[in-house]
Amino acid sequence: MGGETLVEMSNNLNLIDIWRFQHPAESRFTWQNSSGKIRCRLDYWLISKHIIPRTCETDVKSYFDSDHNPIYD
């Protein structure tokens, strides 16, 4: 799959980012620099679209001892 973007790969493999699907309007970040001024969402939960009905609620939690925030289901 050389050169494909994450979106292209997800479309080709029929995958969905379940956190974004469940939280379409939220802005949550899974990484931030030490000052907290730069934040982004580096982590994605890509699952088959066929198992969406069997998926529980997902969440991104704050964690203060690391530059990464844990993701939960």
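Of the 73 residues in the protein chain, 19% count as buried. Buried here means under 20% relative accessible area, exposed means over 50%, and partly exposed lies in between, with a 1.4 Å probe and protein chains only. This is a predicted model, so local features need pLDDT of at least 70 and side-chain atom pairs count only at pLDDT 80 or more, while totals for chains, interfaces and linings use all residues. Residues are numbered from 1 along each chain as its sequence is written, and side-chain values use heavy atoms, with hydrogens and water left out.

**Whole chain**

Start in cartoon view. The protein chain holds two helices and six strands. Their order along the sequence is α-β-α-β-β-β-β-β. Helices (H or I, at least four residues) and strands (E, at least two) are DSSP runs, numbered from the N terminus.

Now think about contacts, meaning heavy atoms within 4.5 Å. Among contacts in the protein chain with a separation of 6 or more, 57% are between residues 24 or more positions apart.

**Stop 1: the core**

Select Ile-16, Ile-18, Trp-19, Trp-45, Ile-47 and Val-60. These six residues form the largest nonpolar core. Such a core is a set of buried Ala, Val, Leu, Ile, Met, Phe, Trp, Tyr and Cys residues joined through side-chain atoms within 4.5 Å.

Centre on Ile-18, in helix H2 (residues 18–22). Is Ile-18 buried or exposed? Ile-18 is buried, because its relative accessible area is 2%. Leave out residues up to four places away in sequence, and Ile-18 touches Trp-45, Ile-47, Ile-52, Thr-55 and Thr-58.

Move to Ile-16. Under that sequence exclusion of up to four places, Ile-16 touches Phe-21, Trp-45, Leu-46, Ile-47, Lys-49 and Ile-52.

**Stop 2: Phe-21**

Stay in helix H2 and pick Phe-21. Phe-21 is partly exposed, because its relative accessible area is 46%. Neighbours within four places aside, Phe-21 is in contact with Ile-16 and Ile-52.

**Stop 3**

Go to Thr-58, in the loop between strand S4 (46–48) and strand S5 (59–60). Thr-58 counts as buried because its relative accessible area is 2%.

Draw two C-alpha distances from here. Ile-18 and Thr-58 are 40 residues apart along the chain, with C-alpha atoms separated by 7.6 Å. Phe-21 and Thr-58 are 37 residues apart in sequence, and the C-alpha to C-alpha distance is 9.8 Å.

Show the side chain of Gln-22. Which residue does Gln-22 join through a polar contact of 2.6 Å? The partner is the side chain of Thr-58. A polar contact is a pair of N or O atoms within 3.5 Å; within protein, one must be able to donate a hydrogen and the other to accept it, and residues adjacent in sequence count only if both atoms are side-chain atoms.

His-23 is buried, because its relative accessibility is 8%. A polar atom of the His-23 side chain lies 2.8 Å from the backbone oxygen of Thr-58. Not counting residues up to four places away in sequence, His-23 touches Glu-57 and Thr-58.

**Stop 3: two loop residues**

Select Asn-14, in the loop between helix H1 (6–13) and strand S1 (15–17). Check the backbone: phi of Asn-14 is near 60°, a positive value in a residue other than glycine. Asn-14 counts as partly exposed because its relative accessibility is 29%.

Finish at Asp-43, in the loop between strand S3 (39–40) and S4. Asp-43 is partly exposed, because its relative accessibility is 26%. Asp-43 and Phe-29 are 14 residues apart in sequence and 8.6 Å apart in space, C-alpha to C-alpha.
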